[in-house]
Amino acid sequence: PTAVTGDPTTATVIVDGVTLKASRDDLGYWHSNITSTGQWQGADLDVAPSQRTATVHSYSVKVEQGLPLDVEATATQISSILNDERGWTGYQDNSFQLVSDPDQADFTIYVGSAGTVDELCQPDDTRGLVDCRNGNRVALNVDRWLFAAPPYAGQTVDAYRTYLVNHEVGHFLGHEHEYCAGAGLTSPVMAQQSRTREGGCTENGWPTRDNQAP
């Protein structure tokens, strides 16, 4: 689906033939009625890095069972983001290799229900709302994956997913939060764009486009 916009506080959304009930909280975030199962399906895909750099980070992708997401399609989209030259690939000698064997992965990207992501992120308090990097785990809340976040209103969900993956993988690479450098510039990808676009910056999901004029 595209990002949910408008005034209603409840919505019915069909994702890959599955009907979800969603409600919007007082801050404008949408939450689905997806319940946690705690069971995972791993992507059976191996994708080589688009360029091989001094450091190649291997990763696996897992989607919680019961979500209306195809695990292979989800992994393919994540791989396309991490292999894009606008992203971390080639930036500070990093590249990424998707592996089907989680035992061979340096880190794992999980897409899970809100409750499961909260558990994966402890001791951080993600409040059923946001995402995290916790050690060698990158945990993405399915409600953000499906419905994005208020600061991305008017943008596509794919644009938000690009930011989401690059932001949390940026934490895995050791990057801390950054801040808007000036009104009208693109936001740093390590800014907390899921919460706000502070300082008058515009949306940006690519680290190579931080703090640029339109």
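This is a predicted model: local features need pLDDT of at least 70, side-chain atom pairs count only at pLDDT 80 or more; totals for chains, interfaces and linings use all residues.

Residues are numbered from 1 along each chain as its sequence is written, and side-chain values use heavy atoms, with hydrogens and water left out.

Start with the salt bridges, meaning a side-chain nitrogen of Lys or Arg within 4 Å of a carboxyl oxygen of Asp or Glu. The count comes to 3. To say how covered each partner is, we'll call a residue buried under 20% relative accessible area, exposed over 50%, and partly exposed in between (1.4 Å probe, protein chains only).

Asp 84 pairs with Arg 86 at 2.9 Å, N to O. Asp 84 counts as buried because its relative accessibility is 18%, while Arg 86, at 30%, is partly exposed.

Next, look at Asp 158 and Arg 161, whose side chains meet at 3.7 Å, N to O. They are separated by about one helical turn, because they sit 3 residues apart in helix α4 (residues 157–172); helices here are DSSP runs of H or I, at least four residues, and strands are runs of E, at least two, numbered from the N terminus.

Glu 203 is partly exposed at 22%, and so is Arg 197 at 31%.

Asp 44, Asp 46, Asp 101 and Asp 103 form a negative patch; patch members have over 30% relative accessible area and no salt bridge, with like charges joined within 9 Å. Asp and Glu count as negative, and the place of the charge is taken as CG of Asp. Asp 103 lies in the loop between β6 (94–98) and β7 (107–112), and with 68% relative accessible area it is exposed.

Is a loop residue like Leu 69 buried or exposed? Leu 69 sits in the loop between β5 (55–64) and α1 (71–82), yet at 17% it counts as buried. Beyond its neighbours within four places in sequence, its contacts (heavy atoms within 4.5 Å) include Asp 16, Val 111 and Trp 145. Val 142 is another contact: 73 residues away along the chain, its C-alpha is 9.1 Å from that of Leu 69.

How values were computed
Patches are made of residues with over 30% relative accessible area and no salt bridge: like charges are joined within 9 Å, nonpolar side chains (Val, Leu, Ile, Met, Phe, Trp, Tyr) within 5 Å. Accessible areas come from the Shrake-Rupley method with a 1.4 Å probe; for residues, only the protein chains shown count as cover.
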